[in-house]
Each structure stands twice: as structure tokens, then as C-alpha cells.
Amino acid sequence: MTSHQAGMTVAISRTLPSPASYLCGLTWDGTQLWHSDQEAKKIFAIDPVDGAVVREWDCALVRADLAYDGRLLCQVGGRPKRLVLVDPRTGKVTGEKPVLPASGRLTGIECGPEGIWMCLREPTVVQLRDYATMSVQREFPAEGRSPSGLTYTAGFIVHGDFDDAVLRLMRPEDGEPLGAVSVPGRPTGLTWTGEHLWYCDFPARSFRAVTTDAMLAGLAR
């Protein structure tokens with residue numbers, strides 16, 4: 001697989017403050033952003049206009065990224081890591097889905113039209129799993145050694161790379177790497193709202209947004 005150097009630093013179009021300090025997951029439910037923080041042991045609903053906390057739920061199991069399946073929040077949590085299903089209306093844990101083989105490798109998730117996409121470390125791979133059975137449908141080797149969040153955009157898989165401070169793009173059909181863009185800070189959780197790709201900037205304790213057009217324009221190929 002051809003290695004891609006990072007492209008130019010992509011312009012940030014929006015920034016919102018984080019309510020806590022150990023930024024993990026980020027997802028979008030069509031109305032608001034949802035964010036999870038490992039140190040605070042909470043999941044927050046965030047107003048995408050001003051960053052205000054709309055509601056917050058205790059979740060002691062938070063460890064990595066967050067997704068929304070259309071009904072429930074899917075939090076990467078526990079030891080070994082698994083999907084912890086949380087009702088966004090009440091904050092109650094309604095179930096769990098194991099991610100086998102059980103390990104601590106899982107760092108990023110997002111639901112897409114084909115199933116649930118995941119990134120895992122050591123080695124870095126991107127997987128598509130059937131959401132009902134959690135069986136692996138596709139697996140592709142991915143670039144970078146510190147995958148740190150994943151999202152599904154219109155036709156692309158994007159995963160963060162914490163150490164290299166980049167977003168890496170992949171084609172979902174065959175895993176072809178499409179390049180990378182540098183971003184300010186260190187990305188962890190990622191999500192796409194249809195207008196912006198948002199990422200958690202861990203050291204800045206903030207959420208940052210880039211447009212798809214800006215991201216594609218900055219790719220190193």
C-alpha cells in the first residue's frame with residue numbers, strides 16, 4: 001500500500017468549546033452533536049450553534065469513540081472494549097455488543113449505510129461490520145500508527161491519526177487510501193454533519209470543523 005504524506009493544514013471553519021478535558025467520542029444525531037469524555041465519565045449533548053451543553057449523562061465505561069445508530073448511542077467502552085448502547089433520551093445503558101476478538105484495539109466507530117465502520121490499532125485497520133451480528137464484512141489495512149476516531153462522509157471513510165495530527169481518507173469500496181490532510185491539534189473523535197466534518201482537538205479541549213471541500217482540496221496524493 002502506498003504511503004501518503006500529509007497535505008497542507010486544512011482551514012478550520014468553526015470551533016466550539018469542550019465541556020471537559022479528556023475528549024474521546026463525537027457523533028451527530030441529525031440535530032445535535034454528542035460527545036463523550038473518559039475523565040469526566042460522561043456523555044454530553046452539544047448544541048452545534050454555540051457549544052452549550054443541552055444535557056449530560058453519566059457513563060463510567062467511556063473509553064473511545066461514539067456513534068449513533070438512528071436510535072441509540074453506541075459508546076466504545078469497558079475493558080475489553082465493546083459497544084455500550086445508551087438511550088440518548090434517558091442516559092440508560094440498554095445493552096452491549098461485543099467486538100470480537102475482545103481487545104483494547106478499537107479506537108473509532110461510525111454507522112454508515114453498509115453497517116458500522118471501525119478503526120483499530122496495532123496493526124491499524126479499518127473494518128466494516130454487520131451491525132446486527134458484529135461479523136466482519138470488509139477489512140482494509142490503513143495508514144498511520146495511532147488511529148484515533150472515524151467517521152463516514154459522502155463517499156469517504158475518514159479516520160484521525162493522533163500522533164501525526166492528520167485526517168486520513170479511504171475509499172469504502174476497496175480501502176484505497178486517498179490521502180491525508182494536516183489539522184491543528186490532535187484529533188480524537190470524528191463525525192460528519194453533512195455540512196462539516198467535526199473532530200475533537202484533544203490538547204485544545206475543543207471541537208473543530210472543516211468543510212468537505214477544504215479537506216479534499218488539501219489532500220496529499
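**Pockets, cavity and cores**

In the largest pocket, at least two lining residues come from each of the strands β3 (23-28), β7, β15 (147-152) and β19 (187-192). The model is a predicted one, and the points below are grouped by the feature they describe.

**Largest pocket**

- The largest pocket holds about 420 Å³ of space, and 20 residues line it, with Y22, R63, A64, R121 and T188 lying nearest its centre.
- Among the contributing strands, β7 gives the most to this lining, namely three residues.
- Sorted by class, the lining of the largest pocket consists of seven nonpolar, six polar and seven charged residues.

**Second largest pocket**

- The lining of the second largest pocket divides into six nonpolar, four polar and one charged residues.

**Cavity**

- The structure contains one cavity of 30 Å³ or more, and the volume of the largest cavity is about 50 Å³.
- The residues that line the largest cavity are A142, E143, H159, R168, L169, M170, P177 and G179, of which four are nonpolar, two polar and two charged.
- Both β17 (166-170) and β18 (177-182) supply at least two residues of this lining, with β17 providing the largest share, three residues.

**Nonpolar cores**

- In soluble globular proteins, nonpolar side chains tend to be buried together.
- The largest nonpolar core of this model has 15 residues, and those with the most contacts inside it are L83, L106, I109 and M118.
- Two or more residues of this core come from each of β7 (62-68), β8 (73-77), β9 (82-86), β11 (106-112) and β12 (115-120), and β12 gives the largest share, three residues.
- When neighbours within four places in sequence are left aside, L83 is in contact with Q75, V76, G95, E96, K97, V99, L106, I109, I116, M118, Y131 and M134.

Note on methods: Residues numbered from 1 in each chain as written. Predicted model: local features only at pLDDT ≥ 70, side-chain atom pairs only at ≥ 80, totals over all residues. Heavy atoms only, no water. Core = buried A, V, L, I, M, F, W, Y, C linked by side-chain atoms within 4.5 Å. Buried < 20%, exposed > 50% of the residue type's maximum accessible area, 1.4 Å probe, protein only. Helix = DSSP H or I, 4+ residues; strand = E, 2+ residues; numbered from the N terminus. Contact = heavy atoms within 4.5 Å. 1 Å grid on protein atoms, 1.4 Å probe; cavity = no way out; pocket = protein on both sides within 12 Å on 5 of 7 lines; lining within 4 Å. Points joined across faces, edges and corners; volume = space filled by probe spheres on them. Nonpolar A, V, L, I, M, F, W, Y, C, P; charged D, E, K, R; others polar.
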